[in-house]
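Here is a short briefing on how two protein chains meet. Look at the sequence and structure first, then read the points below.

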2 protein chains.
Amino acid sequence: MDTMTDLARTPKHIGNLIRRTRRKLGLSQAELGNKAGFRQETISLIETGNPATKLETILAVLAALDLEFHIVPRSKGDSGMIEDIF
Amino acid sequence: MDTMTDLARTPKHIGNLIRRTRRKLGLSQAELGNKAGFRQETISLIETGNPATKLETILAVLAALDLEFHIVPRSKGDSGMIEDIF
DNA sequence: CTGAATTATCGGATATGGCACATATAAGGT
DNA sequence: ACCTTATATGTGCCATATCCGATAATTCAG
């Protein structure tokens, strides 16, 4: 009934989710960077939606937040066009 | 009962899934590259698990295959340590 | 086996990540 | 207001993505 999985079609989606999760865990960007093996500045860039972030960096940050990617067929129903309302 | 979502914790997971899907669709790397806006060589690198691929590149390739990322909590049961058998 | 298609690899060029370090804003609490 | 923390921005540096063009190397059909 409610979205149990978080769609992530754009770097901004991913950044937003990372920020939300980090805050939910009470971590600062510096602390998260520490856990993931990157600098605070790097976390900042990711959270603001830098599209050129390296895949390995994203994966490490997700892992540090106990998150992971799943790859699924693009769900036709699920808002076909997302305009990144933020 | 069967895996409806594809776990993607490493660049190799992602590369393998992209390759499988591309072949299922009967596309060559060059054709996929075309659709996604990249060169055949770039697709080759992705499929072989290059960890430094840019996020935007992966997202474009997934979209060209009608796939997308979902971000979900790391499933404890789901093979905690994946050794990328390929 | 042979030729065509597919995939992998090499060199040079340009762009950008993430590092280190510094600093500038922005938020938050008292 | 003040001070501390948190987040964003800037420069120089090295590594590497992706581009382009060319070419190995591999796979596949006949």
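**The interface of chain A and chain B**

About 3000 Å² is buried between chain A and chain B, and carbon and sulfur atoms give 62% of that area. Buried area is the accessible area (1.4 Å probe) that two parts lose on being put together, summed over both. This is a predicted model, in which local features need pLDDT of at least 70 and side-chain atom pairs count only at pLDDT 80 or more, while totals for chains, interfaces and linings use all residues. Residues are numbered from 1 along each chain as its sequence is written, chains are lettered from A in the order in which they are written, and side-chain values use heavy atoms, without hydrogens and water.

- Chain A and chain B are joined by three salt bridges (a side-chain nitrogen of Lys or Arg within 4 Å of a carboxyl oxygen of Asp or Glu).
- Arg9(A) and Glu68(B) form a salt bridge through their side chains, at 2.4 Å from N to O.

**Who takes part**
- The contact (heavy atoms within 4.5 Å) takes 30 residues from chain A and 30 residues from chain B.

**Strand pairing**
- Strand 2 of chain A and strand 2 (residues 67-73) of chain B run antiparallel and are joined by seven bridges.
- Strands here are DSSP runs (E, at least two residues), numbered from the N terminus, and two strands pair if DSSP finds at least two bridges between them.
- Opposite Glu68(A) stands Val72(B), in strand 2 of chain B.

Technical notes:
Helices (H or I, at least four residues) and strands (E, at least two) are DSSP runs, numbered from the N terminus.
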